[in-house]
Amino acid sequence: MAKDFDTDAAARDKLLAEAFRHNEPQPEPTDADLTSAPTRGELDLEERDSFRRVNTTMRAQDTTDVYEVEYRKLRLEQIVLVGVWTEGTAAEIEAAMAELAALAETAGADVVEMIYQKRDRPDPGTYIGSGKVDELRTIVAATGADTVVCDGELNPGQLTALERALNIKVIDRTMLILDIFAQHAKSKEGKAQVSLAQLEYLYTHTRGWGDTLSRQAGGRAGSNGGVGLRGPGETKIESDRRHIRSEMARLRAQLRGMKTAREVKRSRRQNSVTPQIAIAGYTNAGKSSLLNAITDAGVLVEDALFATLDPTTRRAALSDGREVVFTDTVGFVRHLPTQLVEAFKSTLEEVLGADLVLHVVDGSDPFPLKQIKAVNKVISDIAEENGANVPPEILVINKLDQADDLVIAELRHALGSDNAVFVSAKTGEAIDELSSRIEYFLNSLDEHVHLLIPYTRGDAVSRVHTHGTVLAEEYRTDGTYLDARVPSLVARELAEFSVAD
C-alpha cells in the first residue's frame with residue numbers, strides 16, 4: 001500500500017501556529033538557544049556534528065499538497081535545504097547553500113529553512129545520519145515544509161530512507177536543476193534535451209515516491225516473501241523502465257535529426273571568414289547582458305539561474321569595422337549533472353567551435369575563482385570527449401558595479417590585469433576596453449601575405465580589401481601586388497597568388 005504523506009489538518013494548523021510564533025520579535029538568543037557559527041579554530045565534537053542554520057525568511061504555508069510527481073516536472077512549495085559540510089571553510093559552505101537556495105527559488109519554491117552539518121563524508125544510508133534525521137523531522141514539522149532538498153546527488157536508497165523517515169517528498173540537487181531546465185527550455189531542441197536528461201536520471205532512480213511502486217518481495221517460497229508477491233512489483237518497475245528506454249530512444253533519434261541541422265549551420269559559419277566568438281561562463285554571471293552591451297542584441301536578461309538555455313547568435317561590427325558573430329551559450333554550475341552535459345552536448349559544442357571564448361565571471365560572487373574552476377572543468381571535459389582543443393579565452397570579470405573591492409583585488413592579484421578584463425555590462429564600464437582586446441586577439445589570428453593577383457581577378461583583390469587589412473598596394477605589369485593581413489581562410493583561398501616579399 002502506498003504510504004500516506006498527508007498529515008492531520010488540526011495537527012498541521014497547530015504546528016503552523018507554533019512555527020509562525022517563532023517569527024515574532026524574540027529576546028537576543030543565548031549560546032544555549034542558538035549554535036554559534038563555525039570559527040577558524042577547531043570545533044569541538046558536539047559543535048562539529050550539530051546542524052547549523054542559515055538565516056531565511058519564513059513565508060506563509062500553502063497547505064496544498066502535491067505528490068503526483070513520478071515522471072513529471074517537480075512542483076516545489078515550502079522547502080527545507082539540507083547540506084553536508086565535508087571540506088572548505090564555513091563561508092564556502094554557506095555560499096554553496098545560498099546558491100542552492102537561489103536554485104530552489106528559481107524553480108518556484110519558498111525556502112523556509114537552510115541547515116547544514118559538518119561530516120567527514122555523507123552518510124551512505126541517509127545522507128546525514130539516522131540521529132540527524134530525527135532532528136530534521138522535528139524541523140520539518142515545525143516549519144510545515146512539504147519538501148526537503150539535499151545539496152548533493154542522492155542514491156535511490158538514500159532517497160527512500162529519507163522519505164520514509166520524514167513522510168514528505170525528498171529530492172536532490174540534480175533533480176532540482178533538471179526541473180529548472182524543464183521550466184526554462186523554450187526551443188523544440190531544448191525541450192527534447194531536457195526531457196532526455198530527466199529520463200536518463202529517472203532510469204537509474206526508478207522506484208516511485210514512497211512505496212508507490214511495490215518492489216519484489218524477498219524470502220523463499222512459503223516464507224514472508226512468498227511466490228505471489230514477487231511478480232507484480234517486478235512487473236511494475238520493469239514496465240516503467242521499458243517505457244523510459246523507449247522514450248529515450250525516441251528522443252535520441254529526434255535530437256540526431258536536430259543535430260544534423262545544427263551541424264549544417266555550424267559548418268556554414270566555420271567556412272565563413274567571419275570570426276566566431278562564444279560567450280560562456282557560470283550561470284547568472286551576466287553573459288546575456290554582456291552580449292546586449294556589445295551588440296544591442298536585445299536578448300532576455302533576467303536575474304535568475306539558467307535564464308538562457310537556447311543558444312543565441314548575433315552578428316556585430318567592432319570599432320575597426322570587422323564583423324564578428326557572438327553566440328550566447330547555456331550557463332554552467334557547480335556539480336552540473338552529467339545527464340545535462342550529455343543532453344546539451346550539441347549546444348556546448350558551440351564553445352569548442354569558436355575562434356575565441358569570452359569566459360564571463362560573476363565578480364560579485366564571494367568565490368569567483370571557484371566559478372572559473374567549475375566552468376573550465378566542464379569545457380575541458382567536453383573538449384577531451386570530442387578530441388578537440390579548448391579555444392583561446394579572454395576572462396571577463398563582470399558586475400564590477402556590484403563587486404566587493406576586496407574580491408576584485410584578490411582577482412586582480414590571482415589573474416593579473418593582462419589575463420582578465422574587469423567590466424560592468426549594466427553600466428557599460430570598460431566595454432570599450434573589452435572590444436579592443438577582442439580586436440587585438442583577432443588581428444593576431446590573421447596571416448601576413450604578399451600577393452600578386454592578375455588584373456583579370458579583380459574579385460580576389462576585392463576580397464582582400466573586404467576581409468583584410470591592406471598594408472601596401474602596387475600596380476605592376478603582371479598584376480596587383482598586395483602586402484596585407486587577412487584571415488587564415490582567405491589566405492588559403494588566395495595561396496596561388498602568393499609571392500616572396
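A nonpolar core is a set of buried Ala, Val, Leu, Ile, Met, Phe, Trp, Tyr and Cys residues joined through side-chain atoms within 4.5 Å. Keep that in mind, please. What we have here is a predicted model.

Let's start with the whole chain. The chain has 501 residues, and buried ones make up 49% of them. Its secondary structure comes to 16 helices and 14 strands. The accessible surface is about 25000 Å², and carbon and sulfur atoms account for 49% of that surface. Now take the contacts between residues at least 6 apart in sequence. Of these, 70% join residues at least 24 apart.

Next, the cores. How many residues does the largest nonpolar core have? The count is 88. Leu81, Val148, Leu290, Phe326, Leu358, Leu434 and Ile438 have the most contacts inside this core. Helix H3, residues 90-106, gives the largest share, with seven residues. There is also a second, separate core. That one has 14 residues, including Ile453, Val464, Val486 and Val490.

Pick out Val148 in the model. Set aside its neighbours within four places in sequence. Val148 then touches Val80, Val82, Leu136, Val140, Leu166, Ile168, Lys169, Val170 and Ile171.

Now helix H3. H3 has 17 residues and spans 24 Å from its first C-alpha to its last. That is close to the 24 Å expected at 1.5 Å a residue. Which of its residues are buried? They are Ala90, Ile93, Ala96, Met97, Glu99, Leu100, Ala101, Leu103, Ala104 and Thr106. And what do they pack against? Three strands come up: S2 (78-85), S3 (110-118) and S4 (147-150). Helix H6 (173-184) is a packing partner too. Just after H3 comes Gly108, with a positive phi of about 100 degrees.

Stay in that area for Met114. Met114 sits in strand S3. Is Met114 buried or exposed? Its relative accessible area is 7%, so Met114 is buried; the cut-off for buried is under 20%. Val80 is 34 residues away from Met114 along the chain. Their C-alpha atoms are separated by 5.8 Å.

On to the sheet. Strands of a sheet pair through backbone hydrogen bonds, either parallel or antiparallel. Here six strands form an open sheet. Read the order as S7-S8-S6-S9-S10-S11, with mixed pairing. From one strand to the next, the twist averages 25 degrees.

Look at one pair in detail. Strand S9 covers residues 356-362, and strand S10 covers residues 393-398. The two run parallel, joined by six bridges. Across from His359 you will find Leu395 in S10.

Last stop: helix H9, residues 287-295. H9 is mostly covered, with seven of its nine residues buried. The buried ones are Lys287, Ser288, Leu290, Leu291, Asn292, Ile294 and Thr295. What covers the buried residues of H9? The cover includes strands S6 (276-281), S7, S8 (323-328), S9 and S10. Helix H14 (431-445) is also part of that cover. After H9 comes Asp296, and its phi is positive, near 55 degrees.

Terms used
Residues numbered from 1 in each chain as written. Predicted model: local features only at pLDDT ≥ 70, side-chain atom pairs only at ≥ 80, totals over all residues. Heavy atoms only, no water. Buried < 20%, exposed > 50% of the residue type's maximum accessible area, 1.4 Å probe, protein only. Helix = DSSP H or I, 4+ residues; strand = E, 2+ residues; numbered from the N terminus. Contact = heavy atoms within 4.5 Å. Pairing = 2+ DSSP bridges. Axes fitted to C-alpha atoms, helices over the stretch in contact; angles between N-to-C directions. Expected span 1.5 Å × (residues − 1). Areas by Shrake-Rupley, 256 points an atom, 1.4 Å probe, with all protein chains shown as cover.
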